Amino acid sequence: MLDLICDNAPFCVTRDYAPAAETSGMFRKVDTGGRPMAAVPEAVRRLGVRVQYVSSDHLGDIAAQRLRQTCIGSACVVFRMSCQDLTCSWQAAPVAKTGKTQLQEIRLTASSADALARARASVFVSANGVPISLAKLGEGRPALPGLYWGPWTADDTVKRARDRQLPDGPAVPVAPSPP
């Protein structure tokens, strides 16, 4: 049985990784003492990773085509991930039965590939009480059609700008206004 700390839903970390976790972003969530969560530097050095619960004020609809989905039994998580060097970010959420599924973001910044791999196995998304590790998310399958909402990335902003551009085509005549 896993001993998980779930300070920032839907994400949970093993008890060993809890001291390496912190909140970051525009609207920081706070712990029960009313303070932003801060990582303990000694834990970050010992584990070789910093776990950040990222909050953002730049939110919007996310197309299902931009997401993946992984299920264990009937518990499903929808997600997307990106990595640059030893920093990886996941936006994930358990799939909502009704309404929009709201994705939250978590970022792992590691000192080595091994530390990143260990952390991925120690950080989980809780889907209806079933913990699914970031390592098990893998590639998944395409997300099912649905309503998804969450933090926007730079890629989302560029894609939205492209989608809003009007295609070149013949001018549409405008009827003259009555006299």
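Which residue in β14 does Q102 stand opposite? The residue opposite Q102 in β14 is W149. The views below begin with the whole protein and then move to single regions.

This is a predicted model, in which local features need pLDDT of at least 70 and side-chain atom pairs count only at pLDDT 80 or more, while totals for chains, interfaces and linings use all residues. Residues are numbered from 1 along each chain as its sequence is written, and side-chain values use heavy atoms, with hydrogens and water left out.

**Figure 1. Overview of the protein.** The protein has 4 helices and 14 strands. Helices (H or I, at least four residues) and strands (E, at least two) are DSSP runs, numbered from the N terminus. Of the 179 residues, 38% count as buried. Buried means under 20% relative accessible area, exposed means over 50%, and partly exposed lies in between (1.4 Å probe, protein chains only). The accessible surface comes to about 10,700 Å², and 56% of this area belongs to carbon and sulfur atoms. Accessible areas come from the Shrake-Rupley method with a 1.4 Å probe; for residues, only the protein chains shown count as cover. Among contacts with a separation of 6 or more, 62% are between residues 24 or more positions apart. Contact means heavy atoms within 4.5 Å.

**Figure 2. The open sheet of β5, β14 and β9.** This open sheet has 3 strands in the order β5-β14-β9, and the pairing is mixed. Its edge strands are β5 (59–61) and β9 (101–102), each of which pairs on one side only. Two strands pair if DSSP finds at least two bridges between them. Strand β14 (residues 148–151) and β9 pair in the parallel sense over 2 bridges. Q102 and W149, the residues of the opening question, stand opposite each other here.

Figure 3. Strand β1 (residues 4–8) pairs with strand β2 (residues 11–14) in the antiparallel sense, over 3 bridges. The two strands form a hairpin with 2 residues between them. F11 in β2 is the bridge partner of N8. A disulfide joins C6 to C12, with an S to S distance of 2.0 Å. A disulfide is counted here as a pair of cysteine sulfur atoms within 2.5 Å. The link of C6 and C12 is right-handed, with 105 degrees about the S-S bond. C6 counts as partly exposed because its relative accessibility is 47%, whereas C12 counts as buried because its value is 2%.

**Figure 4. The other disulfides.** A disulfide is a covalent bond between the sulfur atoms of two cysteines. C71 and C76 form one of them, with sulfur atoms 2.0 Å apart. Their link is right-handed, with 110 degrees about the S-S bond. C71 is partly exposed at 26% relative accessibility, and C76 is buried at 16%. C83 and C88 form another, with sulfur atoms 2.0 Å apart. The link of C83 and C88 is right-handed, with 115 degrees about the S-S bond. C83 is partly exposed at 44%, while C88 is buried at 3%.

Figure 5. S89 lies in strand β8 (residues 87–94). Is S89 buried or exposed? S89 counts as buried because its relative accessible area is 13%. The side chains of S89 and E105 are joined by a polar contact of 2.6 Å. A polar contact is a pair of N or O atoms within 3.5 Å; within protein, one must be able to donate a hydrogen and the other to accept it, and residues adjacent in sequence count only if both atoms are side-chain atoms. Leaving aside neighbours within four places in sequence, S89 is in contact with R80, M81, S82, E105, I106 and R107.

**Figure 6. The nonpolar cores.** In soluble globular proteins, nonpolar side chains tend to be buried together. A nonpolar core is a set of buried Ala, Val, Leu, Ile, Met, Phe, Trp, Tyr and Cys residues joined through side-chain atoms within 4.5 Å. The largest such core has 32 residues, of which V77, I106, L108 and L134 touch the most other members. A second, separate core of 9 residues includes I62, L103, A143 and Y148. Leaving aside neighbours within four places in sequence, the contacts of L108 include V49, V51, L86, C88, W90 and L134.
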